[in-house]
Amino acid sequence: MSIKSSNTVWHPTVITRQDRENLNGHQSLILWFTGLSGSGKSTMMHAVEELLHQKGMRTFTLDGDNVRHGLCADLGFSEKDRQENIRRIGEVTKLCTEAGLIVLAAFISPFIRDRQRVRNLASPGDFLEIYCRCSLDVCETRDTKGLYRRARAGEIKDFTGISSPYEEPVQPELILETGVASIAQCAQQVVDMVMQRALLYQSESFDK
């Protein structure tokens with residue numbers, strides 16, 4: 001997105017992202033959890049963060065519902081608003097990587113093009129798309145908030161999986177079978193992927 005003011009000039013920082021990564025001892029990453037409502041995105045995100053925190057990694061989480069209480073409180077769930085919601089979150093995740101953090105983001109983010117825009121914002125290798133794959137039937141049985149029931153009754157418009165489509169990732173970095181596998185099993189898969197990349201980063205740093 002182009003800026004509206006021609007008087008706005010980018011100001012470079014003194015402390016770089018690499019400086020922060022070196023201080024933290026690990027690479028910045030974006031762990032983007034996508035899937036239907038009820039597929040376990042937020043639960044998985046927090047389980048993974050807890051494990052990474054125990055390993056001494058610096059993390060931050062962004063949850064879809066929480067963000068809509070502040071940064072995106074002015075947005076609804078139309079296709080246009082969903083696009084803007086993900087655009088804003090993409091910019092926040094980019095800032096988090098510059099801060100040297102592993103940012104975990106849990107958003108339905110139903111459209112491929114919007115997830116691709118976030119990937120394009122990130123540096124190569126920074127954006128790890130994690131698909132929490134779970135059937136609609138199972139997601140509906142987990143309907144603790146009653147959202148699917150209300151969507152089926154026509155009380156909620158543009159509800160993903162019911163009246164609005166969900167476009168599955170084509171080539172995600174990781175697929176978690178959250179409909180059948182345990183939270184612990186899935187969380188460990190994510191942590192293993194992160195550790196492989198973190199160790200690779202450390203090895204490259206040591207070789208310099």
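Q: Which residue's side chain meets that of Arg-113 in a salt bridge?
A: In this predicted model, the N to O distance of the pair is 2.4 Å, and a salt bridge requires a Lys or Arg side-chain nitrogen within 4 Å of an Asp or Glu carboxyl oxygen. Arg-113 belongs to helix α5 (residues 112-121) and its partner to helix α4, so the contact ties together parts 34 residues apart in sequence. The partner of Arg-113 is Glu-79.

Q: Which residue forms a salt bridge with Arg-88?
A: The closest N and O atoms of this pair are 2.8 Å apart. Arg-88 sits in helix α4 and the partner in the loop between α3 (64-67) and α4, 14 residues away.

Q: Is Asp-114 buried or exposed?
A: The side chain of Asp-114 meets that of Arg-117 in a salt bridge, at 2.6 Å from N to O. Both residues are in helix α5, and being 3 residues apart they are separated by about one helical turn. Arg-117 is partly exposed, at 40% relative accessibility. The relative accessible area of Asp-114 is 4%, under the 20% limit, so Asp-114 is buried.

Q: In what order do the strands of the open sheet lie?
A: The sheet has 5 strands, paired in parallel. Its edge strands, each pairing on one side only, are β2 (59-63) and β5 (174-176). Neighbouring strands are turned against each other by 20° on average, direction ignored. The order is β2-β3-β1-β4-β5.

Q: Which residue of β4 is the bridge partner of Leu-31?
A: β1 runs parallel to β3, and 5 bridges join the two. On that side, Leu-31 has Leu-104 in β3 as its bridge partner. β1 also pairs with β4 in the parallel sense, over 5 bridges. In β4 the partner of Leu-31 is Leu-128.

Q: How many of the 6 residues of β1 are buried?
A: Leu-29, Leu-31 and Phe-33 point one way from the strand, while Ile-30, Trp-32 and Thr-34 point the other way. In general, side chains of a regular strand alternate between the two faces of a sheet. Residues on both sides of β1 are buried, and the strand is therefore largely enclosed by the rest of the structure. The number buried is 6 of the 6.

Q: Which residue in β5 does Cys-132 stand opposite?
A: Cys-132 is in strand β4 (residues 127-132), which pairs with β5 in the parallel sense over 3 bridges. Cys-132 is buried, with 1% relative accessibility. The residue opposite Cys-132 is Leu-176.

Q: How many disulfides does the structure hold?
A: A disulfide needs two cysteine sulfur atoms within 2.5 Å. The cysteine sulfur closest to that of Cys-132 is in Cys-186, 7.4 Å away and therefore too far for a bond. For Cys-134, which is buried with a relative accessible area of 8%, the closest cysteine sulfur is in Cys-139 at 3.8 Å, also too far for a bond. The number of disulfides is 0.

Q: How far does α2 reach from its first C-alpha to its last?
A: Helix α2 has 14 residues, and the span expected at 1.5 Å a residue is 20 Å. Its buried residues are Lys-41, Met-44, Met-45, Ala-47, Val-48, Glu-49 and Leu-52. Just after the helix, Gly-56 takes a positive phi of about 85°. The reach of α2 is close to the expected span, at 20 Å.

Q: At about what angle does helix α4 run to β1?
A: Helix α4 covers residues 79-98. This helix lies across β1, β2 and β3. Its angle to β1 is about 150°.

Technical notes
Residues are numbered from 1 along each chain as its sequence is written. This is a predicted model: local features need pLDDT of at least 70, side-chain atom pairs count only at pLDDT 80 or more; totals for chains, interfaces and linings use all residues. Side-chain values use heavy atoms; hydrogens and water are left out. Two strands pair if DSSP finds at least two bridges between them. Helices (H or I, at least four residues) and strands (E, at least two) are DSSP runs, numbered from the N terminus. Axes are lines fitted to C-alpha atoms, for helices over the stretch in contact, and angles run from 0 to 180 degrees between N-to-C directions. Contact means heavy atoms within 4.5 Å. Buried means under 20% relative accessible area, exposed over 50%, partly exposed in between (1.4 Å probe, protein chains only). The expected span of a helix is 1.5 Å times one less than its number of residues.
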